[in-house]
Amino acid sequence: MPVDLPAADDVLAAAARIAGHASVTPVLRSRVLDGMAGCELHFKAEHLQRGGAFKFRGACNAVWSLSDGEAARGVVTHSSGNHGAALALAARSRGIPCHVVVPEGAVAAKLANIERHGATVWRCEATLAAREATCARIQAETGAQLVHPYADARVIAGQGTATVELVGQAGALDTLVVPVGGGGLAAGTALALATVAPRCRLVLAEPAGADDTARSLAAGERQTDLVPDTVCDGLRASLGAPNFALLRAWGTEAVVVDDAATIAAMRLAWQVLKQVVEPSSAIALAAVLAQPARFAGQRVGVVFTGGNVDLGALPWRG
């Protein structure tokens with residue numbers, strides 16, 4: 001995995017690299033939600049991206065950045081769902097092997113997505129140590145290239161391409177709100193804004209039960225001792241070191257949201273926008289609705305990050 005931090009130019013290079021592979025997703029509007037929020041909302045519909053999540057962007061950039069010799073040995077990652085599916089799909093687009101280490105308890109719909117795209121799935125215990133150990137073993141056995149879910153420079157740069165597109169589609173924004181877990185999208189967004197919208201404020205939406213990013217930004221150093229407890233399964237990862245460095249340098253703000261507010265926002269997205277988004281995606285809308293004074297009267301971008309939902313276990317059912 002690259003150890004250097006990506007630069008703003010890397011986002012533009014990624015946009016060129018993944019063109020023709022990633023979808024240009026639409027920007028959605030709703031007068032009803034504008035009225036509820038007291039601002040003008042522009043929803044970047046990354047839940048309609050290939051694989052059902054923004055993570056195809058970063059995975060695609062990583063896969064197509066490999067030399068032919070590296071690519072021939074395949075790629076490996078650990079993922080609870082969306083990144084694993086994205087990497088499997090990106091690897092299939094280049095015709096190379098993909099190995100995904102999946103912890104026990106992964107969302108069924110996301111696991112099915114990984115398998116559908118042809119990856120070899122390896123199960124492990126639901127701990128970071130188990131994930132990393134299994135990845136290391138597969139690397140040693142196959143020579144596969146590790147593509148970390150959020151702390152890989154190529155992944156970070158690829159995720160930032162969603163913001164480049166959004167600004168091109170919606171025009172100037174006052175604030176952009178994105179969910180944060182491991183920080184790949186958040187860091188990539190900061191890099192993209194530095195290039196295409198340097199006056200735009202970046203706000204991160206984070207679950208109250210996994211608020212290590214908010215704590216880290218407040219403390220000025222990474223806080224890594226938190227055990228996540230949130231319905232937002234895609235946001236349970238701890239903030240990566242390169243991601244923290246980029247976010248701190250940008251002066252990013254964080255809004256902490258409880259799960260009840262996130263679930264309510266998810267229902268609104270389904271009912272008003274008619275869009276199937278997952279909790280880890282809906283939290284961005286929840287953050288705006290939770291603190292209306294922070295966004296009042298502004299043009300606000302909101303990234304809907306994914307829509308891979310287990311329809312048999314919706315969070316508002318029983």
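Visitor: Which residues in H3 are buried?
Guide: This is a predicted model, and in it the buried residues of H3 are Lys55, Phe56, Arg57, Gly58, Ala59, Cys60, Asn61, Ala62 and Val63.

Visitor: How many is that out of the helix's residues, and what does it tell me?
Guide: Helix H3 spans residues 55-65, and nine of its eleven residues are buried, so the helix is largely enclosed by the rest of the structure.

Visitor: What covers the buried residues of H3?
Guide: The cover includes the helices H1, H5 (82-94), H8 (153-159) and H9 (161-170), together with the strands E2 (40-45) and E3 (75-78).

Visitor: OK, H1 then. Where is Asp10 found?
Guide: Asp10 is found in helix H1, which runs over residues 8-18, and with a relative accessible area of 34% Asp10 is partly exposed.

Visitor: How far is Asp10 from Gly188, in sequence and in space?
Guide: Along the sequence Asp10 and Gly188 are 178 residues apart, while in space their C-alpha atoms are 9.6 Å apart.

Visitor: What share of the contacts comes from residues 24 or more positions apart?
Guide: Counting the contacts in the protein chain with a separation of 6 or more, 73% of them are between residues 24 or more positions apart.

Visitor: Let me zoom out. How many helices and strands are there?
Guide: The protein chain has 15 helices and ten strands. Its radius of gyration is 18 Å, close to the 20 Å that the globule rule gives for 318 residues, so the chain is as compact as a globular protein of that length.

Visitor: And what percentage of the residues count as buried?
Guide: Of the 318 residues in the protein chain, 56% count as buried, and the chain exposes about 12,000 Å², of which carbon and sulfur atoms supply 52%.

Visitor: New topic: how many disulfides are there?
Guide: The count comes to zero disulfides. Cys39, for instance, is in no disulfide, and the nearest cysteine sulfur, that of Cys200, is 12 Å away.

Visitor: Is Cys39 buried or exposed, and what about Cys200, buried or exposed?
Guide: Cys39 is buried, with a relative accessible area of 7%, and Cys200 is buried too, with a relative accessible area of 4%.

Note on methods. Residues are numbered from 1 along each chain as its sequence is written. This is a predicted model: local features need pLDDT of at least 70, side-chain atom pairs count only at pLDDT 80 or more; totals for chains, interfaces and linings use all residues. Side-chain values use heavy atoms; hydrogens and water are left out. Helices (H or I, at least four residues) and strands (E, at least two) are DSSP runs, numbered from the N terminus. The radius of gyration is taken over C-alpha atoms; the globule rule is 2.2 Å times the number of residues to the power 0.38. Buried means under 20% relative accessible area, exposed over 50%, partly exposed in between (1.4 Å probe, protein chains only). Contact means heavy atoms within 4.5 Å. Accessible areas come from the Shrake-Rupley method with a 1.4 Å probe; for residues, only the protein chains shown count as cover. A disulfide is a pair of cysteine sulfur atoms within 2.5 Å.
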